[in-house]
Amino acid sequence: MPVPASAGASQLTIELRGVGKSFGGVPVLSGIDLRLEPGSVHALVGENGAGKSTLSKIIAGLYTADAGELLVDGEEQRFTSPREALDRGIAAIAQELALVPGLSVAENVFLGREPRTLGWVSRRKLRAAYVALAERTGFELDPDVPVGSLRTADQQKVEILRALARGASLIIMDEPTAALSAHDARLLHGVVRQLAASGHTVVLISHFLSEVLELCDTVTILRDGLLIRTAPAADETEATLIEGMLGRTLGSVFPPKPPVPADAEPVLRVTDLVAPGVHGVSLDIRPGEIVGLAGLVGAGRSEIAHAVYGAARRQGGTVEVGGEACPPSSVPAALRRGIFLIPESRKEQGLVLGRPVRQNVTLSNLDQVASGGWLRPARERREARDILERVTVAGDDRRHVGALSGGNQQKVLFARALQRPRRVLIADEPTRGVDVGSRRAIYDLIVEQAAQGIGMLVISSDVEEVLGLAHRILVIRGGRVVGEFAGAEMTEENILTAAFADPTPNEDA
Amino acid sequence: MSDTIGIKTIDTAATPSPWQRVPWRSIAIVFPFLAVFIALSIGSPAFLGPQNIGNVLDRQSGILIVAAASTLVLIAGGIDLSIGATYMFTAVVCGTVIVRVGGLTGAMLGIAAGLLAGLLIGLANGLISTYLKVNPLIATLAMSFIILGATKLVSQFGKQGIGQIRVDFPEFRWLATTKPLGVSLPTWIALVIIVILAVLLWRTTFGRYVYAAGGNAEAARLAGIRVNLVRISTFALSGLAAGVAGVIDLARTPSVPENDAIATTLTFTVLAGIVVGGTSILGGEGAVWRTVLGILFIAMLYNGFTLLRIDPLFQGIALGVIILLAVAFDAWSRLRRR
């Protein structure tokens with residue numbers, strides 16, 4: 001579907017010369033020279049903390065560079081606010097979307113720039129403007145639906161439309177597919193290609209290297225605030241990118257799978273589980289087994305995890321750990337029986353960001369570092385340090401956990417899980433937003449736990465990850481198990497076929 | 001397991017300078033407190049006298065008790081606007097029982113009734129704002145109207161004629177008039193309660209749960225913490241503290257004026273003290289000792305106005321400006337930390 005270059009999109013060339021930035025005396029970027037060509041998709045890759053986000057924020061006017069210059073079409077610019085950057089045609093779409101959930105799609109797209117008649121917002125004109133814009137991009141979204149009811153992928157489209165409505169020629173996307181299922185990610189890739197074809201520049205920050213190689217024309221590798229190299233994507237492979245990002249080669253991406261004791265009784269047995277978004281799920285996990293839950297975002301995987309863990313109201317079915325029944329809807333009871341959940345969203349569901357790392361590690365096992373409700377600081381310090389060392393988080397554990405990188409935050413959650421022997425460990429999207437180096441460390445932790453005889457349930461939207469880790473894969477759709485694959489049947493094709501079997505997955509059935 | 005791989009942990013914030021490691025936000029209240037303290041010590045010779053300091057502490061004891069407990073409510077992510085009303089209600093309940101029963105029995109029963117009333121109101125606040133899912137701001141606001149109404153209802157039984165409830169009996173007033181080691185008993189009670197609450201927050205698992213419940217309720221719940229129970233407990237403590245304060249202040253005065261404005265002023269002063277002390281109204285952060293400094297800072301300011309004979313008109317204005325500064329500082333330091 002070729003899209004003609006729209007008349008409104010002026011082409012823009014951005015150039016950075018010797019750009020540097022420090023925070024509180026700590027340099028996070030230095031000597032960056034970069035040229036962004038119009039009509040291209042340009043990737044920024046690097047570990048967390050490499051400076052990708054800082055760089056993109058300088059381009060988008062959120063930060064002002066301390067050193068060097070920023071040229072837009074050869075003209076030097078000093079943006080002091082995102083608004084100024086936007087006036088020059090540069091828009092950024094943040095990881096956390098900035099939409100008003102109660103307003104409709106069209107209202108969000110034109111927020112702050114509503115077509116008016118004598119000061120009143122004209123609904124008719126708003127709609128017409130929206131339709132014209134949507135046609136230009138080929139997005140199919142109902143303009144009247146409240147944005148809050150849309151899936152994340154569609155909300156991202158709204159963000160992109162908003163940027164285009166404001167005349168953006170260069171769009172920066174920070175991890176746009178991190179929260180998306182494989183299907184939605186592919187849709188978004190199509191959108192990015194369309195944007196480039198119509199003369200827009202897209203700057204893409206992504207941890208998914210296959211995505212970067214497939215989608216981008218040019219790749220820039222950053223490491224420790226320095227630009228390592230900029231090269232055509234065609235000249236790079238995943239291995240060369242990883243080597244550039246880490247400054248060393250990464251062994252195989254996944255650790256070898258530990259053997260599963262063949263005839264062991266299941267440690268977790270879920271029968272006919274019914275809960276909000278879960279419609280009759282049965283599954284078993286044997287000790288030492290890693291079971292993967294695959295499926296699209298919204299298929300009900302997290303809902304299953306929460307229902308098993310007692311964090312969501314269970315309406316039917318049973319959950320047994322080692323033959324012992326778990327009462328419905330009680331997290332403390334599930335914890336006592338040895339289930340632990342590492343939730344999907346670190347910031348919203350996992351960590352208390354304003355508290356120190358140490359306190360976040362011990363949070364769900366305080367009794368272990370206390371006697372009779374009385375905290376033992378020395379014992380807590382010792383235990384937290386031991387576990388943090390095991391999960392390879394270095395540095396002062398009195399710091400706020402919010403100051404850590406995504407990968408280290410995830411490891412802190414693993415530390416919490418490891419503080420006590422568990423029988424079943426559920427990890428929901430354990431590597432989302434995690435850098436390449438930490439990712440392998442997290443895989444090692446998962447495999448290590450399984451090797452110790454813990455039943456592991458790993459939920460991931462990254463099919464490769466599920467394939468690389470799990471002994472057995474269950475595919476979830478519409479709150480049900482729609483496929484089970486083990487051994488040679490475990491292929492990307494089988495999983496995706498099962499996940500997509502119904503062209504319109506009925507999520508609220 | 002493969003070693004070396006993935007061990008690298010890059011964190012730009014890994015090496016803060018000693019200057020950056022000072023928790024400025026936490027100790028901010030210390031500086032204005034000391035500044036005003038020193039200024040008043042120099043500016044007014046009467047200020048540092050044991051008479052004046054003792055008076056200030058004695059008069060603030062009730063408010064300090066309420067504020068210390070309310071700090072826990074705020075840290076746990078709630079807010080209690082009914083403390084002033086509860087304070088009045090418990091005083092009236094206590095006074096009515098004393099008047100009706102009389103003697104030492106009456107005094108003891110009155111004290112018990114006052115404390116129990118406070119505790120029950122606190123529990124009700126907690127239950128309404130957690131299990132009934134009513135926003136605590138609205139729940140306790142509504143409760144304070146209900147409680148003030150109930151106060152008038154109860155006081156009819158305690159009044160002799162049309163006056164106020166008067167409990168000028170030595171069997172009861174010893175609570176305020178005794179001076180162990182030269183310091184008034186209310187001051188001692190406040191000190192003990194403050195220390196207990198501070199230690200509870202600082203050194204116990206309950207205290208840790210309070211911070212977690214306010215810092216991130218969902219994360220706390222998924223970590224296995226009974227967030228509702230924690231929040232109800234903080235409301236119960238706050239209600240009980242209001243009861244203690246009501247009883248103590250009744251013994252000091254020793255009458256209850258029928259004036260809703262007193263309840264409102266207490267609530268506002270307590271919240272002002274907490275905020276000025278640097279406890280965030282968004283929950284998850286704060287400390288009892290900071291609230292104590294915040295309340296004493298405000299008390300000192302008022303005392304200073306009196307000693308220096310400044311028109312009391314300016315007291316309110318000064319306090320308002322200080323609250324705005326405190327909240328702005330809070331917002332500013334949150335922004336910087338991101």
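Trainee: In which sense do E3(A) and E10(A) pair, and over how many bridges?

Mentor: This is a predicted model, and in it strands E3(A) and E10(A) pair in the parallel sense, over 4 bridges. Within that pairing, Leu44(A) has Ile205(A) as its bridge partner in E10(A).

Trainee: And which residue stands opposite His42(A) in E11(A)?

Mentor: That is Thr218(A), in E11(A). Strand E11, residues 218-223 of chain A, runs parallel to E3(A), and 4 bridges join the two.

Trainee: Is E3(A) largely enclosed or open, and why?

Mentor: E3(A) is largely enclosed by the rest of the structure, because 5 of its 5 residues are buried. Both faces are covered, with Val41(A), Ala43(A) and Val45(A) buried on one side, and His42(A) and Leu44(A) buried on the other. As background, side chains in a regular strand alternate between the two faces of the sheet.

Trainee: What order do the strands of that sheet come in?

Mentor: The order in chain A is E6-E9-E10-E3-E11-E12, which makes an open sheet of 6 strands with mixed pairing. At its edges are strand E6 (90-93) and strand E12 (226-232) of chain A, each of which pairs on one side only. From one strand to the next, the twist averages 15°.

Trainee: How are E9 and E10 of chain A joined?

Mentor: Strand E9 (residues 170-174) and strand E10 (residues 201-205) of chain A run parallel and are joined by 5 bridges. One of the paired positions is Ile171(A), whose bridge partner in E10(A) is Val202(A).

Trainee: Which strands does helix H5 of chain A touch?

Mentor: Helix H5, residues 152-165 of chain A, packs on the sheet and touches E6 and E9 of chain A, with its direction making about 170° with that of E6(A). Helix H6, residues 182-197 of chain A, also packs on the sheet, where it touches strand E3 (41-45), E9 and E10 of chain A, and its direction makes about 145° with that of E10(A).

Trainee: Switching to E15(A), how many of its residues are buried?

Mentor: In strand E15 (residues 290-295) of chain A, 6 of the 6 residues are buried, so the strand is mostly covered. Ile290(A), Gly292(A) and Ala294(A) point one way, while Val291(A), Leu293(A) and Gly295(A) point the other way, and all are buried.

Trainee: Which strands is E15(A) joined to?

Mentor: Strand E22 (residues 455-459) of chain A is joined to E15(A) by 4 bridges and runs parallel to it, and Gly292(A) has Val458(A) as its bridge partner there. Strand E23 (residues 472-477) of chain A also runs parallel to E15(A), with 5 bridges between them, and Ala294(A) stands opposite Val475(A) in E23(A).

Trainee: How confident is the predictor about chain A, going by mean pLDDT?

Mentor: Chain A has a mean pLDDT of 85, and 94% of its residues reach 70 or more. Over residues 1-8 of chain A, however, the pLDDT is below 50, and that stretch has 12 contacts in the model beyond near neighbours in sequence. Residues 503-509 of chain A are also below 50, with 8 contacts counted in that way.

Trainee: Now chain B: at what angle do H6(B) and H7(B) cross?

Mentor: Helix H6 (residues 103-130) and helix H7 (residues 136-158) of chain B cross at roughly 145°, and their axes come within 9 Å. The crossing is right-handed. On the H6(B) side Ile121(B), Ala124(B), Asn125(B), Ile128(B) and Ser129(B) take part, and they meet Pro136(B), Ala139(B), Thr140(B), Met143(B) and Ile147(B) in H7(B). The residues of this contact divide into 7 nonpolar, 3 polar and no charged.

Trainee: What about the packing of H13(B) and H14(B)?

Mentor: Helix H13 (residues 260-277) and helix H14 (residues 288-307) of chain B pack at an angle of about 120°, with their axes 7 Å apart, and their crossing is right-handed. The contact residues include Gly273(B) of H13(B) and Arg290(B) of H14(B), and they divide into 7 nonpolar, 5 polar and 1 charged.

Trainee: Last one: is Ala242(B) buried or exposed?

Mentor: Ala242(B), which lies in helix H12 (residues 227-252) of chain B, is buried, with 38 other C-beta atoms within 10 Å. Leaving aside residues up to four places away in sequence, Ala242(B) touches Val66(B), Ile83(B), Thr86(B), Tyr87(B), Thr90(B) and Gly118(B).

Notes:
Residues numbered from 1 in each chain as written. Chains lettered and ligands numbered in written order. Predicted model: local features only at pLDDT ≥ 70, side-chain atom pairs only at ≥ 80, totals over all residues. Pairing = 2+ DSSP bridges. Axes fitted to C-alpha atoms, helices over the stretch in contact; angles between N-to-C directions. Contact = placed C-beta atoms within 7 Å. pLDDT = per-residue confidence, 0-100. Left-handed = near helix turned anticlockwise from the far one by under 90°. Nonpolar A, V, L, I, M, F, W, Y, C, P; charged D, E, K, R; others polar. Buried ≥ 20, exposed ≤ 12 C-beta atoms within 10 Å, placed from the backbone.
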